[in-house]
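Me: Please take a close look at the salt bridging in this model and at what surrounds it. I would like one connected account, with the cut-offs stated.

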Amino acid sequence: MNSKILPALLILGAVVTVSFMIKLMSDMSGSMTEMTHHISSLTKDVSSMNRTMSKMSLSTTAMSESMVRMESSIKDMGQALGQGSKQMQQWNPGQMMPNVLPGTKR
């Protein structure tokens, strides 16, 4: 009787082992499929972020150029004000308004 039980137990053990391996492979396949979907979604998100960063980079470049133009304009305005101030200092108010100030009549 022992000779019949041992092969039956070996066959049963082999069937259980093969069933376990099939279940394990099925679970791994499902996990790999799910992981592939997550990686695909991540790739799309990274691509979207890359496009957004490119747009921001262009905006930053445009802002930098605008700041350079503004700085140049402010510098030009400062120079114009400086020249106007020098001209105002050189003018003699008595000559500009001879009738208003006493003692400056011609």
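Reply: One salt bridge is counted, the term being used for a side-chain nitrogen of Lys or Arg within 4 Å of a carboxyl oxygen of Asp or Glu. The model is predicted, so local features need pLDDT of at least 70 and side-chain atom pairs count only at pLDDT 80 or more, whereas totals for chains, interfaces and linings use all residues. Residues are numbered from 1 along each chain as its sequence is written, and side-chain values use heavy atoms, with hydrogens and water left out.

The partners are lysine 23 and aspartate 27, whose closest N and O atoms lie 2.8 Å apart. Because they are four residues apart in helix 1, about one helical turn separates them; helices here are DSSP runs of H or I with at least four residues, numbered from the N terminus. Lysine 23 is partly exposed at 49% relative accessible area, and aspartate 27 is also partly exposed, at 37%, where buried means under 20%, exposed over 50% and partly exposed in between (1.4 Å probe, protein chains only).

Methionine 25 also belongs to helix 1, which covers residues 2-90, and is exposed, with a relative accessible area of 52%. Together with Phe20, Met21, Leu24 and Met28, Met25 forms a nonpolar surface patch of about 510 Å² accessible area; such patches join nonpolar side chains (Val, Leu, Ile, Met, Phe, Trp, Tyr) within 5 Å, from residues with over 30% relative accessible area and no salt bridge. Of the chain's 106 residues, 1% count as buried.

Conventions. Patches are made of residues with over 30% relative accessible area and no salt bridge: like charges are joined within 9 Å, nonpolar side chains (Val, Leu, Ile, Met, Phe, Trp, Tyr) within 5 Å. Accessible areas come from the Shrake-Rupley method with a 1.4 Å probe; for residues, only the protein chains shown count as cover. Helices (H or I, at least four residues) and strands (E, at least two) are DSSP runs, numbered from the N terminus.
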